[in-house]
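Trainee: Could you take me through this structure? I am new to it and would like to begin with the strands.
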Amino acid sequence: MDPQLFHKYVFRSIAITCVLLAGEIASLVLLHGLISSKTAQIIERRALVASFQQEKSNFDALQADYLRVQPFLPTLSAALVPPENLHRVIAAIENAGIPLGLSLSLKLESQIPSATGIEGVRYVFFSATFDGTYAKLREYLKALQALPVFVDIDSIKIGGQLITTGGTVRVHGKIYLQ
């Protein structure tokens, strides 16, 4: 065999092999990009499925909570004051001290919130000030607790010797509205 012909044959074989390898490499690069793209899509879809399952679990828990609370909704609704009846609740809070011999000074400390859309819980702040003893304070708080509306006491400020001789009491709280 002619050495030159042999070199030509080997060189041509190497060139063809290089061209085929370059084509294979290009195919592998394209295939890698396609696999990476599909893998990213699968990961994204799995995250969406996990998110959906979590949302469904949250919805199921919320539905179970609603079914547990549903029998109490009429009572709850009756305990929330319609804003147009707020003056009656204020009178009831003031009148709760009359049988105890307390002279109350009651003041609203916020405006009635608007009823636009679903905003969550609506309430107004109030403060009631009176002179009395610790025993009268406890009786007044029990009287507030007995009211058929939601009144939440946030703080109580005491001035003087409440336990012994009496002093000034200032009760801050919220009246919950419909």
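Trainee: How do S1 and S2 run, and how many bridges join them?
Mentor: S1 and S2 run antiparallel and are joined by four bridges. Strands are DSSP runs of E with at least two residues, and helices are runs of H or I with at least four, numbered from the N terminus. Two strands pair if DSSP finds at least two bridges between them. This is a predicted model: local features need pLDDT of at least 70, side-chain atom pairs count only at pLDDT 80 or more, and totals for chains, interfaces and linings use all residues. Residues are numbered from 1 along each chain as its sequence is written, and side-chain values use heavy atoms, leaving out hydrogens and water.
Trainee: Which residue in S2 stands opposite Lys107?
Mentor: Ser127 does. Ser127 also stands opposite His172 in S4, and S2 and S4 run antiparallel with eleven bridges joining them.
Trainee: Is His172 buried or exposed?
Mentor: His172 is buried, with a relative accessible area of 14%. Buried means under 20% relative accessible area, exposed over 50%, and partly exposed in between, with a 1.4 Å probe and protein chains only.
Trainee: What is His172 in contact with, leaving aside neighbours within four places in sequence?
Mentor: Its contacts (heavy atoms within 4.5 Å) include Glu109, Phe126, Ser127 and Asp152.
Trainee: Turning to H3, which residues are buried there?
Mentor: Leu86, Val89, Ile90 and Ile93 are buried in H3, which spans residues 86–95. They lie on the same side of H3, because they cover an arc of only 100 degrees around the axis, taken from the directions from the helix axis to the C-beta atoms.
Trainee: What does the face turned away carry?
Mentor: That face carries the exposed residues His87 and Arg88.
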